[in-house]
Amino acid sequence: MTDDAARERELIAAARNGSSAAFAALVRAHQHRVRGFLWRASGNQADADDLAQETFLSAWLQLRNYRQEARFATWLCAIAYRKLLMRRRAGARSRLREEAAGEEMSGAAPGGSDLRLDVQRAVEGLSVEQRSVAALCLASDFSQSEAAAALGIPLGTVKSHVARCRERLREFLGEYNDAN
Amino acid sequence: MTQTDPKLVRDWTPAIAERDEAFVLSVMARVAERRALRRSARRVTVLVAAAGAIGLLVPYAAGWLDAADTLQVFVVAFSLAAVIFAITASRALNFARH
């Protein structure tokens, strides 16, 4: 076990015993990954941050149910993905907000580069599940089996999503590279 | 493209800081809020249960109610308390979510 993993286990044990400082350290260590995943999967930064807060709140409430079979990051992303699906099912209001944000992103991404816009456009045509797989396997350090566990889908589905996302991104990024 | 493509990580969603104390603080504020809510709900539950027990035991001990009546009152009071608790808890959870 690496030092980081051992330290994380200590923090989890302390947080389970009610230590706010330990849980804050866990949030500090994982916020970047969870927010990044949600932003990439939802395409909306405001929604992603809101969902990330809900994810950490649920993690705090359910910490006793975490059996340490998967990495803590995988467990967090599993919660985050469920929150994202629930938010999307919740209805038209959030969909409208997302569309508005999507227009904002494709129109003028804050501080955005052409390449960033191309990547955004490339993933816009994918389903939430495919985007989530791409966010975990291609843009983060999750293995395909970890992504399958986090998203609750079969490993074969993850593999086919990864192949499809790679192909799509290669097309868009290829066009970008050709043009530059 | 490698499994984790650094270019993709950077270009897909930039500007998420590795350290973001504001985000951590807002999460911890929500955690503290939820903790306080749980604590007060626990307190209210204990108080209501104690009041209910006294309200049942005193009439029974004084002989105003026999055992069967006491049981009936207990069942009705318990059902009412469960309904009230469910409504209050769902409202509190909805409130906490916003």
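A crossing of two helices is left-handed if the near helix is turned anticlockwise from the far one by less than a right angle, and right-handed if clockwise. This is a predicted model, in which local features need pLDDT of at least 70 and side-chain atom pairs count only at pLDDT 80 or more, while totals for chains, interfaces and linings use all residues. Residues are numbered from 1 along each chain as its sequence is written, and chains are lettered from A and ligands numbered from 1 in the order in which they are written.

Chain A contains 9 helices and 0 strands, where helices (H or I, at least four residues) and strands (E, at least two) are DSSP runs numbered from the N terminus. The order of elements along chain A is α-α-α-α-α-α-α-α-α. Chain B has 3 helices and 0 strands, in the pattern α-α-α. A residue is termed buried if 20 or more other C-beta atoms, placed from the backbone, lie within 10 Å of its own, exposed if 12 or fewer, and partly exposed in between. Buried residues make up 36% of the 180 residues of chain A and 8% of the 98 residues of chain B. Two residues are in contact if their C-beta atoms, placed from the backbone, lie within 7 Å. Among the contacts in chain A with a separation of 6 or more, 64% join residues 24 or more positions apart.

A nonpolar core is a set of buried Ala, Val, Leu, Ile, Met, Phe, Trp, Tyr and Cys residues joined through C-beta atoms within 7 Å. The largest such core has 47 residues, of which A:Leu38, A:Cys77, A:Ala80, A:Leu136 and A:Ala147 touch the most other members. When residues up to four places away in sequence are not counted, A:Ala147 touches A:Val133, A:Leu136, A:Cys137, A:Phe142 and A:Val158.

Two packed helices are described by the angle between their axes and the distance between the axes. Axes are lines fitted to C-alpha atoms, for helices over the stretch in contact, and angles run from 0 to 180 degrees between N-to-C directions. In chain A, the axes of helix α7 (residues 128-137) and helix α8 (residues 144-151) come within 10 Å and cross at roughly 135 degrees. α7(A) is therefore oblique to α8(A); angles under 35 degrees count as roughly parallel, over 145 as roughly antiparallel, 65 to 115 as roughly perpendicular and the rest as oblique. The crossing of α7(A) and α8(A) is right-handed. At this contact, A:Glu129, A:Ser132, A:Val133, A:Leu136 and A:Cys137 of α7(A) meet A:Gln144, A:Ala147, A:Ala150 and A:Leu151 of α8(A). The contact of α7(A) with α8(A) comprises 6 nonpolar, 2 polar and 1 charged residues, with Ala, Val, Leu, Ile, Met, Phe, Trp, Tyr, Cys and Pro counted as nonpolar, Asp, Glu, Lys and Arg as charged, and the others, Gly among them, as polar.

The axes of helix α1 (residues 3-16) and helix α2 (residues 20-42) of chain A come within 7 Å and cross at roughly 135 degrees, and the two helices are therefore oblique to each other. The crossing of α1(A) and α2(A) is left-handed. Here A:Leu11, A:Ile12, A:Ala14 and A:Ala15 in α1(A) meet A:Ala22, A:Phe23, A:Ala25 and A:Leu26 in α2(A). This contact of α1(A) with α2(A) has 8 nonpolar, no polar and no charged residues.

A:Gln53 belongs to helix α3 (residues 45-62) of chain A and is buried, with 21 other C-beta atoms within 10 Å. A:Gln53 touches B:Ser26, B:Val27 and B:Arg30, not counting residues up to four places away in sequence.
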